[in-house]
Every structure is written in structure tokens, then in C-alpha cells.
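Please keep the sequence and the structure open while reading.

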Amino acid sequence: MVQERVLPATPTTRATVTREEGLMLYEDMVLGRLFEDKCAEMYYRGKMFGFVHLYNGQEAVSTGVIRALRRDANDYVCSTYRDHVHALSAGVPAREVMSELFGKVTGCSKGRGGSMHLFSEPHRLLGGYAFVSEGIPVATGVAFQSKYRREAMNDPSSDGVTVCFFGDGAANNGQFFECLNMAALWKLPVIYVIENNKWAIGMAHERATSVPEIYKKGPAFGMPGVEVDGMDVLAVRGVAQEAIARARAGEGPTVIEALTYRFRGHSLADPDELRAKEEKEVWSKRDPITRLADHLLGEGLVQAEELKEIDRRIQEHVNDAVKFALDSPEPDPKDLYKYIFAED
């Protein structure tokens, strides 16, 4: 059995942040955490249905990568079925995400997608995907169109970068290897972010792959592979900024393996009895939100009361999203076939 990795073998450079950047990162992670906590509450109260996969514990990956992108550019985010927090980091309003989880017409997918199929054209969120690794070819194709527009159609404004998130289990699927090969050959502006949370549903990562160090598969295809502490938002932001700069400069793709951990079961229907109590305790002590708060306070960038005020304000924001979702109408049955085909 290969020994489980908790920290990267080679530490990466952590991003240096200003007070404003630090507060932005903290607020984004707190929004993700409190939103997911509220989702669990609503699910167990019978307000949500179907499969719901929460992101608690992995917030540093979403915030560290997505908030390093340019929201005013043609940058894209491709998610998984654990997509709520990716959507929030990409700028999709909490009201729209919560409404989608409630199946309401005011949701970002008009109530058609639910938890696993969030989509937002205005925020360039390419979707959540129920099938494992389904988003990898989509993200690769979107990165190709960015490159094509810039180089074949001479559009200098098309310098967009596509970020594709997926888990350690998806890295064993064929789409991953095929797309790495194409992305490297064509030097596509895409970043493949593996959120290695150690478990593919109930399968421990070290038991499922012959080479557990997924980041090493990047160099095998001629692109950089980086291993990063996925519980440290500044470390994630640092490697993301480097990868984004490479992609935007036309230097091609990057593989980032973020070592992270989910604090809840695979889904809200999972009693989470497979993982050892000791393992959970080790990772819970590395909570990414607490670590960032300690850093900001230690550097004298913020005061404790400022962080408490953010916590309070975000909780109100999440509560408002729930009220909005509850008060929103359900899709009209007469629109059952709407959005199936493109409309004029």
C-alpha cells in the first residue's frame, strides 16, 4: 500500500495577498461553506431531492483557482457533480444556485438541472456533470475554440483560459488521457485541476491507481504537473496564477493536483462509515478557512471582528437565498420542451 499523501513532497510558492485580496478570499470560502451547510439543512428537511454532493473542506481549491481568473475575460469554468461552490466562486448569485437546487424556474439552469447540472452562460460556467470525467472533453473543446478564435480568426481579445475540475477517480478514465494528449499537442489554454480528496465514493485513491501521484501524468504528456496543498488557499492561488499566466501566454496546459479532503460523506445519502475517524480528525485540523483566518490575523491584515462580521453577513446572504428559492415559482409544465433546442 502506498503511503497516503497529506502534504506535497515539494512545497509550492504561496501567493502574497493584500488586505483586500485576503478579505475577498476569506469571504468566498465562507460563502461556500455556509451555503453547503444550509444545503444539508434543507435536504434533511425535505426541501431538496435527488443526489446532493457537498464541498465542505475543499473550499481552498475552488477559491484559490477560480478567483485567480479574470471575470471580465473569456475565462471558463467546467465543474463536476460537486459543483455548488464552483458556481459561487465563478460569480453565479447564491439565489440562482439555491433556486436551482430547489428546482425553481429562477435557478441558473431554470430548474432543469438541479444539484449536479448547474450552468450559467453569463458567468461562463460550463456546467456540472453527473458522469465521472464527463466535463474533461467539454473543457478541452472550449479551450480549443479560444485558441482558434485568437489564432485562426485573429481575435486578440480571445485570450481566455478554461479551468476543468474533476476528482481523483476521474483521473483513471480514458477521457483524461486522451484530452491531455490533445491539449499538449495543440498547446491549449486549459488547466486540469484534480481535486484529490482521497476517496472516489468509497474507494481509497491509493487502492485504485498504479501511480497515485496524479500530477506526474502531466509531464508524461509534455506539460507541467504540479502538486499543491489543497487545504491552503494561498498555495493554490500561487500555482493557479502561474498556470493561468502560462495558458494566457500561449504556452499550453497545466495539470494541478490539489491534495484536499471533503468533511462530509460522498453525498448527503452517504452515512460516511468507510473513512476512519482518525483520518477525518487529521484533515479537520487543517480546515482551509481557519488557516486563512489565522494567516490574515497573524500578518496584521485584518481584525478578528472584521472576519466575524463577514461570517454574519454571509449567513444572512445564504438565508436570503433560501427565502428567495422557497418563494420562487416552479417551472410551468407547458414549458416542458423549452431549452431543448436553441431558440432564435
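The model is predicted. The largest nonpolar core has 67 residues, and the count of salt bridges comes to 27.

**Nonpolar surface patch**

- Helices α5 (135-151) and α6 (174-186) each supply at least two of its residues.
- The biggest contribution to the patch is that of α6, with 3 residues.
- Met 153 lies in the loop between α5 and β2 (162-167).
- With a relative accessible area of 52%, Met 153 counts as exposed, because the cut-off for that class is over 50%.

**Helix α1**

- Helix α1 covers residues 19-44, which makes 26 residues.
- From first C-alpha to last, α1 reaches 38 Å, close to the 38 Å expected at 1.5 Å a residue.
- Just after α1, Gly 46 has a positive phi of about 80°.
- Leu 23 is a residue of α1 and is buried, at 17% relative accessible area.
- Apart from residues up to four places away in sequence, Leu 23 touches Val 302, Leu 307 and Ile 310.
- Between Leu 23 and Ser 133 there are 33 Å in space, C-alpha to C-alpha, and the two are 110 residues apart in sequence.

**Nonpolar cores**

- In soluble globular proteins, nonpolar side chains tend to be buried together.
- Which members of the largest nonpolar core touch the most other members? They are Tyr 26, Phe 35 and Met 98.
- Helix α1 provides the largest share of this core, with 12 residues.
- Beyond its neighbours within four places in sequence, Phe 35 is in contact with His 84, Leu 88, Ala 94, Val 97, Met 98, Leu 101 and Val 318.
- A second, separate core has 24 residues, among them Tyr 129, Ile 136, Leu 188 and Val 255.

**Salt bridges**

- Arg 70 and Asp 159 form a salt bridge through their side chains, at 3.2 Å from N to O.
- This pair links distant parts of the chain, 89 residues apart: Arg 70 is in the loop between α2 (59-66) and β1 (76-78), and Asp 159 is in the loop between α5 and β2.
- Arg 70 is partly exposed, at 34% relative accessibility, whereas Asp 159 is buried, at 15%.
- Asp 229 and Arg 291 also meet in a salt bridge, with 3.1 Å from N to O.
- Here too distant parts of the chain are linked, since Asp 229 belongs to strand β6 (residues 225-229) and Arg 291 to helix α11 (residues 288-298), 62 residues apart.
- Asp 229 is buried, with 7% relative accessibility, while Arg 291 is partly exposed, with 29%.
- The side chains of Arg 275 and Asp 272 form a salt bridge at 2.9 Å, N to O.
- Are these two partners buried or exposed? Arg 275 is buried, at 5% relative accessible area, and Asp 272 is buried, at 13%.

- Most residues other than glycine have a negative phi.
- Lys 198 has a positive phi, near 80°, and is not a glycine.
- The position of Lys 198 is the loop between β3 (190-196) and β4 (199-200).
- Lys 198 is buried, because its relative accessible area of 2% falls under the 20% cut-off.
- Ile 201, which is not a glycine either, has a positive phi of about 60°.
- The loop between β4 and β5 (203-204) holds Ile 201.
- Ile 201 is exposed, with a relative accessible area of 52%.

Conventions. Residues numbered from 1 in each chain as written. Predicted model: local features only at pLDDT ≥ 70, side-chain atom pairs only at ≥ 80, totals over all residues. Heavy atoms only, no water. Helix = DSSP H or I, 4+ residues; strand = E, 2+ residues; numbered from the N terminus. Buried < 20%, exposed > 50% of the residue type's maximum accessible area, 1.4 Å probe, protein only. Expected span 1.5 Å × (residues − 1). Core = buried A, V, L, I, M, F, W, Y, C linked by side-chain atoms within 4.5 Å. Contact = heavy atoms within 4.5 Å. Salt bridge = Lys/Arg side-chain N within 4 Å of Asp/Glu carboxyl O.
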